[in-house]
Amino acid sequence: MRYALEDMLVTPAEMAAIDKDAADSGIDSFSLMRSAGMAVSAAALRLFPAASRFVVLCGPGNNGGDGYVAAEALAGSGAQVAVYALGDPNKLRGDAAKARSACRLGVIDLEAYQPQSGDIVVDALFGAGLARDLPDAVQKIIERVNASRVPVVAVDLPSGIDGRTGEVRGASFAAAHTVTFMAAKPGHVLMPGRELSGTLEVFDIGIPARLVAARASDLRINGPAVWRQYSGGLRPGTHKYKRGHLAVLSGGLTSTGAARLSAAAGLVAGAGLVTLGSPLEAAAVNASHLTAVMLKEIGTAADLAEWLRDKRLNTFVLGPGFGVGKKARDFALMLCDRALVLDADGMSSFQQGREELFQKIAESGGQVVMTPHEGEFARLFPEVGADTSLSKIERAQVAARLSHAVIVYKGPDTVVAAPSGRAVVNVDAPAWLATAGSGDVLAGIIGAHLAQGMPAFEAAAAAVWRHGEAGIRAGRTATAETLVENISPLP
Ligand SMILES: NC(=O)C1=CN([C@@H]2O[C@H](COP(=O)(O)OP(=O)(O)OC[C@H]3O[C@@H](n4cnc5c(N)ncnc54)[C@H](OP(=O)(O)O)[C@@H]3O)[C@@H](O)[C@H]2O)[C@H](O)CC1
Ligand SMILES: [K+]
């Protein structure tokens with residue numbers, strides 16, 4: 001069996017258990033620290049060959065231990081190196097104490113460090129063991145370094161980033177590059193940790209991949225490896241190939257554009273047929289803008305019930321521009337037993353009465369995907385949104401469990417979570433993807449995948465990835481329309 005470490009996400013607690021398993025299996029933990037420190041030294045030399053001086057900042061734990069190994073290796077390569085330590089280096093324990101005594105350089109107190117032009121900082125203050133907010137004195141040093149614009153190479157994580165949540169604990173270095181070990185951590189992919197980590201290098205220090213995989217939960221970086229086994233069946237010529245019929249429900253006369261964007265995206269993303277269900281008052285305006293997308297008059301719950309007698313109608317998008325209120329609630333409850341993307345107003349309509357929706361989803365066994373951004377998430381799951389002890393991944397997992405739906409928790413670090421706890425974090429979205437109508441396009445792509453028979457989790461994860469790729473292709477001046485034009489085939 002092959003374990004793909006490249007897309008795995010491992011929490012600091014899981015990593016600590018993996019370290020222990022490695023030691024229990026007879027692997028020498030100091031040799032792991034040596035590999036870690038050597039990798040950091042190699043990265044620093046590779047990225048900054050013209051540095052006048054490497055300044056290694058060492059903390060009180062094993063992250064500091066990696067720093068002493070790196071400092072010794074940098075000095076051994078002929079570079080100028082200075083080491084500054086937090087706390088008394090004589091109090092280091094275990095492997096970190098060993099690394100300190102194998103380093104021939106003198107150590108200066110951390111607070112004395114004044115960044116100079118030409119310095120490259122190697123940040124080995126805190127890594128996976130950061131347990132609380134940083135002390136004020138350390139925050140001051142970090143702010144001093146950040147203000148000086150001296151480049152920082154972080155060991156494992158930029159000090160101050162919580163590896164589980166990506167949150168800043170008081171202050172954090174803004175690293176140019178981070179070298180982490182064996183697998184990326186949630187803190188490297190969740191904001192603001194992702195931005196503050198700079199470029200990320202995952203270095204294999206020699207822990208067998210099977211030990212990592214044995215402790216890792218079902219948490220991944222989103223990419224084709226997560227859903228390729230299903231996208232293969234979507235290609236013309238394969239025996240599973242079907243294109244499905246996607247239905248998108250339009251809002252009233254003055255808010256029809258959002259649903260048309262979803263419909264257009266659904267068609268480009270591969271749904272065989274797309275029908276816009278429109279209230280009569282908006283039928284003319286919709287008709288004047290549609291060509292390949294079909295139009296059907298759906299104004300009332302009775303119209304919808306009649307339409308639903310056609311069991312081939314397997315997938316719906318409800319929410320974009322639809323309007324908040326009873327009609328949206330009634331429609332959503334009628335659609336829970338089909339594949340349903342509940343977006344925007346479709347979700348906001350359940351700020352009150354969500355229990356009925358969640359129960360219906362659980363009972364119907366349909367494939368429901370909900371796509372909240374931060375504000376919608378807080379409306380639908382206020383108690384989860386307000387729990388600051390949880391990471392964004394954990395909030396999405398709790399919401400998925402509560403609602404029985406697949407949750408696409410949108411943002412620059414979109415998380416897709418299933419009720420089972422399975423989750424992916426998306427990392428390919430460019431900043432300019434946050435443009436008006438972008439969410440409507442995403443809802444349409446998810447709908448297209450569901451219509452083609454992809455399971456809800458994979459349909460959502462693949463859509464989020466494809467939406468990000470469309471953003472990259474559309475470039476900085478992307479609009480919702482150009483996003484649709486730039487949806488490319490699924491890999
Ligand atoms: N397999 C691997 O990934 C390997 C990783 N290595 C490196 O080891 C670190 C993790 O080492 P650890 O000792 O567990 O943790 P840290 O060095 O990050 O920090 C622990 C010490 O820091 C103190 N601490 C924690 N938070 C604070 C804070 N806010 N303010 C002050 N001090 C803090 C903590 O003290 P406690 O009182 O909480 O015990 C510890 O003294 C990993 O990141 C890698 O770099 C190995 O080298 C190789 C294997
Ligand atoms: K660090």
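At roughly what angle do the axes of helix α2 and helix α4 cross? This is a predicted model, in which local features need pLDDT of at least 70, side-chain atom pairs count only at pLDDT 80 or more, and totals for chains, interfaces and linings use all residues. Residues are numbered from 1 along each chain as its sequence is written, while chains are lettered from A and ligands numbered from 1 in the order in which they are written.

Select residues 29–47 (α2) and 94–101 (α4): their axes come within 10 Å and cross at roughly 55°. Helices are DSSP runs of H or I with at least four residues, and strands are runs of E with at least two, numbered from the N terminus. Axes are lines fitted to C-alpha atoms, for helices over the stretch in contact, and angles run from 0 to 180 degrees between N-to-C directions.

Next, display residues 15–213, which UniProt lists in an unreviewed entry as "domain: YjeF N-terminal". Over this range the chain is 40% helix and 17% strand, with the end C-alpha atoms 11 Å apart.

Then turn to the open sheet of ten strands, ordered β8-β17-β16-β15-β14-β13-β12-β9-β10-β11 with mixed pairing. Two strands pair if DSSP finds at least two bridges between them. At the edges stand β8 (219–221) and β11 (294–297), each with a single partner strand, so one side of each is left without a neighbour in the sheet.

Finally, select 415–417 (β16) and 423–425 (β17), antiparallel strands joined by three bridges. Val 415 has Val 425 of β17 as its bridge partner.

Terms used:
UniProt positions are given in the numbering used here, feature names are shortened, and annotations may be inferred rather than shown by experiment.
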